[in-house]
Amino acid sequence: MQYEKNNPVMIIGAGLSGLRAASLLTAQGIPCRVLEARERIGGRVLSQEVVDRPDLGKFDLGPTWFWPRYEPVITELVHELGLKTFLQYQTGLMVTERSQKEPPQQYALPEGAVESAVRFVGGVQVLVDAIAATLPDGIIQLNTRVTSIREKVDGTLAIEIDGGKEEIGASAVVIAIPPRLAARNIIFKPELSSELMVSLLSKPTWMASHAKVIAVYKSPFWREQGVSGFATSWAGPLQEIHDASPVTGAGALFGFFGIPAGKRDELGEESLLKLVQEQLLRLFGPFAEHPIALLCKDWARDPVTAVAEDREPLLDYPVYGPVVGSQSRDKRIFFAGTETARAQGGHLEGALRSADRAVSELMEYFKNE
């Protein structure tokens, strides 16, 4: 098949998976465009500065690290792009809190108990930006919400934007947003098979039920006390905490809330952050009481991440993998995104692997057409 500029491959979603797919297609000389509902690229990758304090560095409110021992695709890509990384800090004692009535306890973990993770100098956003830099100018279109995908008489696809404000022709589509988001927010004409819809809706959106907070300090003072920054708590509001400090300079601790999305809504952000400060004081002492800043992101309240089904916390690790039935209706629609990865679903590695698979399927389909 000849790929034409007026019918490029359309990629829905400018997260890590969508950008990777665009980069792979561009390298093959195949015209493509990336449509993104947000005002920024990155999807669930979100590296944020403290307002008016860029000197403190960037802090990850989405994914934070990767594991080279188990994740070869991202490891090779990081090397290829020449990105700087550093090991997650985990030297020293961990802290455990069983209730607010009992003082926190400190423990020395056995050597090798925690797998070494790797972080990006400058935050995970540097990976997203480096992939985007491999793309031709102008192919990423922000603030663009895809509302329907219609099959035309000639077999190509018509992509409807913002409820009909614009229609774009496509030779094929790579859907690189969370499967549930695609199932709930995009109208398919003809309709997707019931098998495919069930498959899409059965894949919980990774991180969508979570909220993450980062406390930024002048320095990582806990290290001087022989504490690693790793903490667990049954008292809350944060149930798991890690050192989130940049490679030099400022200190930071990040934590995941153990409070469900509905309860977080009831409490409100101001009350939640006050509880966070009280907890950090209990766990790490008086130096933790007054951070320079508290950064917070509640992914359950992000309409371009989560749907209603995603607000319930995950009790077990989801069974991810390619969607079932995607070939039964229209072989011009391909699904990427970390929830569709055969391995490492939910991770940055899974996002990259799923893009590799989707592009490979697309190339094979048009090669044989």
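**Close-up 1. The open sheet of 5 strands in this predicted model has parallel pairing and the order β10-β2-β1-β14-β21.** At the edges of this sheet stand β10 (140-141) and β21, each with a single partner strand, so that one side of each is left without a neighbour in the sheet. Within the sheet, β1 is joined to β14 over 4 bridges in the parallel sense, and one place to look for this pairing is V9, whose bridge partner in β14 is A172. The pairing between β14 and strand β21 (residues 333-335) is also in the parallel sense, over 3 bridges, with I333 in β21 as the bridge partner of V173.

**Close-up 2. Strand β14 is covered on both of its faces.**

**Close-up 3. The largest nonpolar core of the predicted model has 41 residues.** Those with the most contacts inside this core are I11, F120 and V174. Two or more residues are given to the core by each of β1 (9-12), α1 (16-27), β2 (32-35), α2 (72-81), β9 (118-120), α3 (125-132), β14 (172-175) and α9 (348-368); α9 gives the most, with 8 residues. A second, separate core has 25 residues, including I159, I186, L196 and I333. In soluble globular proteins, nonpolar side chains tend to be buried together.

**Close-up 4. The surroundings of I11 are shown by the residues that it touches.** When residues up to four places away in sequence are not counted, I11 touches G18, A21, A22, L25, C32, R33, V34, L35, V174 and A176. One of these contacts, V174, is itself listed with I11 among the residues that have the most contacts inside the largest nonpolar core.

**Close-up 5. An open sheet of 4 strands has mixed pairing and the order β13-β12-β11-β15.** Its edge strands are β13 (166-170) and β15 (187-189), each of which pairs on one side only, and from one strand to the next the twist averages 20 degrees. Strand β11 (residues 146-151) and strand β12 (residues 157-161) run antiparallel and are joined by 5 bridges, with E151 standing opposite L157 in β12.

**Close-up 6. Y217, F221, W222, F284 and F287 are linked by ring pairs into a cluster.** A search of the whole structure finds 13 aromatic pairs, and in one of them the rings of Y217 and F221 have their centres 5.2 Å apart and their planes at 85 degrees, so the pair is edge-to-face. Both partners of this pair are buried: the relative accessible area is 3% for Y217 and 7% for F221.

**Close-up 7. Lysine side chains lie over aromatic rings at K212 and at K297.** K212 is placed over the face of F254, at 4.1 Å from the ring centre. For K297, the charged end sits over the ring of W299, at 4.9 Å from the centre of that ring.

Terms used: Residues numbered from 1 in each chain as written. Predicted model: local features only at pLDDT ≥ 70, side-chain atom pairs only at ≥ 80, totals over all residues. Heavy atoms only, no water. Phe/Tyr/Trp six-rings, centres within 6.5 Å; stacked < 30°, edge-to-face > 60°. Buried < 20%, exposed > 50% of the residue type's maximum accessible area, 1.4 Å probe, protein only. Lys NZ or Arg CZ within 6 Å of the ring centre and 35° of its normal. Pairing = 2+ DSSP bridges. Axes fitted to C-alpha atoms, helices over the stretch in contact; angles between N-to-C directions. Core = buried A, V, L, I, M, F, W, Y, C linked by side-chain atoms within 4.5 Å. Contact = heavy atoms within 4.5 Å.
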